[in-house]
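This report is meant for a reader meeting the structure for the first time. Please look over the sequence and the model before reading on.

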Amino acid sequence: MTDTDRQYWEERLRRFGQEHLLRFWPELSSQQRAALIEDLKQIPFEQLRGLIETHVRNRPSIVVPGSIAPAPFFPAKPDIHLAGRYADAIRRGEWLIRQNKVAALTVAGGQGTRLGFEGPKGAYPIAPVTNKCLFQLFAEFIRGTRARYGSQTRWYIMTSPTNDAETRAFFDAHGYFGLPREDVVFFTQGQMPALSPDGKILLDQKHRVALSPDGHGGTLRALAGSGALRDMAERGIEYISYFQVDNPLVKPIDPLFIGLHDMTGSEMSSKTVTKVDDFERVGNFVVADGKLMVIEYSDLPEELAVARNGDGSRKFDLGSIAIHVLSRRFVERLTADADAFALPWHRADKRVPYVDEGGQRISPDRPNAVKLETFIFDAIPLAGNPIVLQTVRAEEFSPVKNASGVDSAATSRRDMIRRAAAWLERCGYDVPRRPDGEPDATIEISPLLALDAAHLREVLSSPPAIARGQAVYLDRDQTHAGSSARVSR
């Protein structure tokens, strides 16, 4: 670090009122000074100056649209009028997959801290019999897709600066879970600093800025900034199948969803499930002031959350589950001007450990800082002809977010077993059940064998004999059974 470099940063920080970030400079080693400068390089100071005024020193007001109506959607089960269109969409989606026009994109920047797990959340073991991790389940689904359609489906994974090196090492240690290394592309999410209520950037350590990921909406900027978007264009990829790392039931590549997206000329399509109650903590798909959008559960007026149709059904019943298809050209348009990114910023008040003026690290017991982030669903009203496809929760949505209770590893494993049992029963096979209706066996079906129930019916050569209390794992070798909760291939 030269005197010229130091002078540059002193002047730059002074211009933005953040000169305190060099307060401990004389105490730092050369390595620490270099680390601090690298953190400072990540901060978009010009953009941040305006956000401090609008989102930090002043709390942005929640503007509820004047007109809010239920959103139109394609139902999970088509009626007689839609059946032919769905069949066409599946054929179209399968063709696009075969032509390598579709890539999978996983947002995987989080850690497993809330689950009591040390490491990237995608490395969390979740499969009910084999204990495979989330990353492996997605990798095997993509391998299954490649095998079924003869494609070379590419997988893009967005990490964070916190877990990027560990995620790459994890894939390397596991041989990329059988996928060609050249077809798995990692790129890193952007970060924003945590700020005090008066707009000062916080230090996490004397030589490190308190930085955090810029929200899942930052995926779009990271795609462009990392070169991943350019890589997609060079390879002829037109559609991006987006999903988050915490949902083991997701279909990383869904021909129906992709086909409907393409056939309707949509630039951004979304999946939805029926809400479990009026106040479920998911966003709500609505048409607001003539635009399809998502309104967060905390922002939807209570009178609308509890509103009912004439038949007693919930009026606003479409929950957002963070599964989308985006057209590559749409993302290119949104990110064409890096300094004028189209998605709005949101404020979150959080507890953030920080170093005080005396150099002591403080761990607050109440929110003390503002974090700024963008949300991917805010791109929906900017898209041409966005659509919503309803899916069945039991088939595609059971996230792993909490250590216990709702949306925990226990409920997710339960739902994986339920789905596997239901698939077998749809194929005409018997599954033992307890008096309460739950499967009386621990069942896991590998995506390398089948990607859905219809596919399972095609490939299952002989019915598995499932005894009560047994653990059964079905893969390409058909059936592995045992009395324990874990059966290896």
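## Terms and basis

A residue is called buried when its relative accessible area is under 20%, exposed when the area is over 50%, and partly exposed in between, with a 1.4 Å probe and protein chains only. The model is predicted, and local features need pLDDT of at least 70, side-chain atom pairs count only at pLDDT 80 or more, while totals for chains, interfaces and linings use all residues. Residues are numbered from 1 along each chain as its sequence is written, and side-chain values use heavy atoms, with hydrogens and water left out.

Helices (H or I, at least four residues) and strands (E, at least two) are DSSP runs numbered from the N terminus.

At the start of α9, a side-chain oxygen of D254 comes to within 3.2 Å of the backbone nitrogen of L256, and just after the helix G265 adopts a positive phi of about 70°.

A89, a residue of helix α4, is itself buried, with a relative accessible area of 0%. In terms of contact (heavy atoms within 4.5 Å), and leaving aside residues up to four places away in sequence, A89 touches P255, L256, G259, L260 and M263. The C-alpha atoms of A89 and L260 are separated by 5.3 Å, although the two residues are 171 residues apart along the chain.

## The second largest pocket

On a 1 Å grid over the protein atoms alone, a cavity is a set of points where a 1.4 Å probe fits but cannot get out, whereas a pocket is an open set with protein on both sides within 12 Å along at least five of seven lines, and lining residues have an atom within 4 Å of a point. Grid points are joined across faces, edges and corners, and the volume is the space filled by probe spheres set on the points. The second largest pocket has a volume of about 740 Å³ and is lined by 29 residues, of which A76, K251, D254, L256 and D452 lie nearest its centre. Two or more lining residues come from each of α4 (83-98), α5 (134-149), α9, β18 (387-390), α12 (393-396) and α14 (453-459).

The largest share of this lining, four residues, is given by α14. When Ala, Val, Leu, Ile, Met, Phe, Trp, Tyr, Cys and Pro are counted as nonpolar, Asp, Glu, Lys and Arg as charged, and the others, Gly among them, as polar, the lining holds 15 nonpolar, three polar and eleven charged residues. Helix α14 is also the place of H455, which is buried at a relative accessible area of 9% and which touches R148, L449 and A450, not counting residues up to four places away in sequence.

## Salt bridges across the chain

Side chains of opposite charge can pair when their charged atoms come close. A salt bridge is here a side-chain nitrogen of Lys or Arg within 4 Å of a carboxyl oxygen of Asp or Glu, and by this rule the count comes to 39. One of them joins R208 and D39, whose closest N and O atoms are 2.8 Å apart; this pair links distant parts of the chain, with R208 in strand β7 and D39 in helix α2, 169 residues apart. R208 is partly exposed at 31% relative accessibility, whereas D39 is buried, with a relative accessible area of 2%.

R333 and E267 also meet in a salt bridge, at 2.8 Å from N to O, and they lie 66 residues apart, R333 in helix α11 and E267 in the loop between α9 and β10. Here R333 is partly exposed at 44%, while E267 is buried at 19%. In a further salt bridge, the closest N and O atoms of E396 and K271 are 2.6 Å apart, and this pair links helix α12 with strand β10 across 125 residues; E396 is buried at 4% relative accessibility, and K271 is buried at 1%.

Methods: Polar contact = N/O pair within 3.5 Å; in protein donor to acceptor, adjacent residues only side chain to side chain.
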